[in-house]
Amino acid sequence: MAITDKIYVKNHRQLASQLETSFPKGAFKGATLDVLFQGEGLAKLDEASRERVLEFAEDFMDCDCQASPHCGCPERKFTRYLLELREQGLGPDAIVDVMGDDYMLYAYPGDVLSFLDDSVRTLEAVEALADVDGRDDVADQARQKRDELV
């Protein structure tokens, strides 16, 4: 299960009440993206919520794909965002706090920790395979990225 399947909308009930409709708690569920990012839905939100939703859309949903926002770009961009927060030295609890402040999203710190651990293990595997294949440049890149996450 991808980390983006474990990212939830903070204040879900409040937002559903403001929008006068129901939608899933999962931030990257198709129905959530549709409800929160339609023009008429945004107008119903209070100013603080609207700002956070617009920032989320601007940072993660801005792509030229024909299938946007259901193209996978938002999930890939959000995954990069989480890795960048870790590279800045933030731990799982702090990452959850920052995503809440930035975008009104939350996740369980254990899920974030598992994601980070999986990312490190994946980079270790890439490094090992690149070494076996004689791709020293790729191995060095994977090692450097892994060291930034650890």
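1. **Ground rules.** Residues are numbered from 1 along each chain as its sequence is written, and side-chain values use heavy atoms, with hydrogens and water left out. As this is a predicted model, local features need pLDDT of at least 70 and side-chain atom pairs count only at pLDDT 80 or more, while totals for chains, interfaces and linings use all residues.

2. **Helix 4.** Helices here are DSSP runs (H or I, at least four residues), numbered from the N terminus. Helix 4 covers residues 47-60, and its 14 residues reach 20 Å from first C-alpha to last, close to the 20 Å expected at 1.5 Å a residue (the expected span is 1.5 Å times one less than the number of residues). Its buried residues are Ser 49, Val 53, Phe 56, Ala 57 and Phe 60 (buried means under 20% relative accessible area, exposed over 50%, with a 1.4 Å probe and protein chains only). They cover an arc of only 100 degrees around the axis, which puts them on the same side of helix 4 (the arc is that of the directions from the helix axis to the C-beta atoms). The face turned away from that buried side carries the exposed Glu 47 and Glu 58.

3. **A closer look at Ser 49.** Ser 49 counts as buried because its relative accessibility is 4%. Leaving out residues up to four places away in sequence, Ser 49 touches Leu 15, Gln 18 and Met 104 (contact means heavy atoms within 4.5 Å).

4. **Helix 8.** In helix 8, Ala 139, Ala 142, Arg 146 and Leu 149 are buried. Seen down the axis, these buried residues fall within an arc of 90 degrees, so they line one face of the helix. Their cover includes helix 5 (73-87) and helix 7 (109-132).

5. **The core.** The largest nonpolar core has 33 residues, of which Ile 7, Phe 56, Phe 78 and Met 99 touch the most other members (a nonpolar core is a set of buried Ala, Val, Leu, Ile, Met, Phe, Trp, Tyr and Cys residues joined through side-chain atoms within 4.5 Å). Among the elements giving two or more residues to this core are helix 4 and helix 5.

6. **Aromatic rings.** Phe 28, Phe 56, Phe 60, Phe 78, Tyr 81 and Tyr 103 form one aromatic cluster. Phe 78 and Tyr 81 are both buried. Their ring centres lie 5.3 Å apart with planes at 45 degrees, so the pair is tilted (rings of Phe, Tyr and Trp, its six-membered ring, pair if their centres lie within 6.5 Å; planes under 30 degrees apart count as stacked, over 60 as edge-to-face and the rest as tilted).
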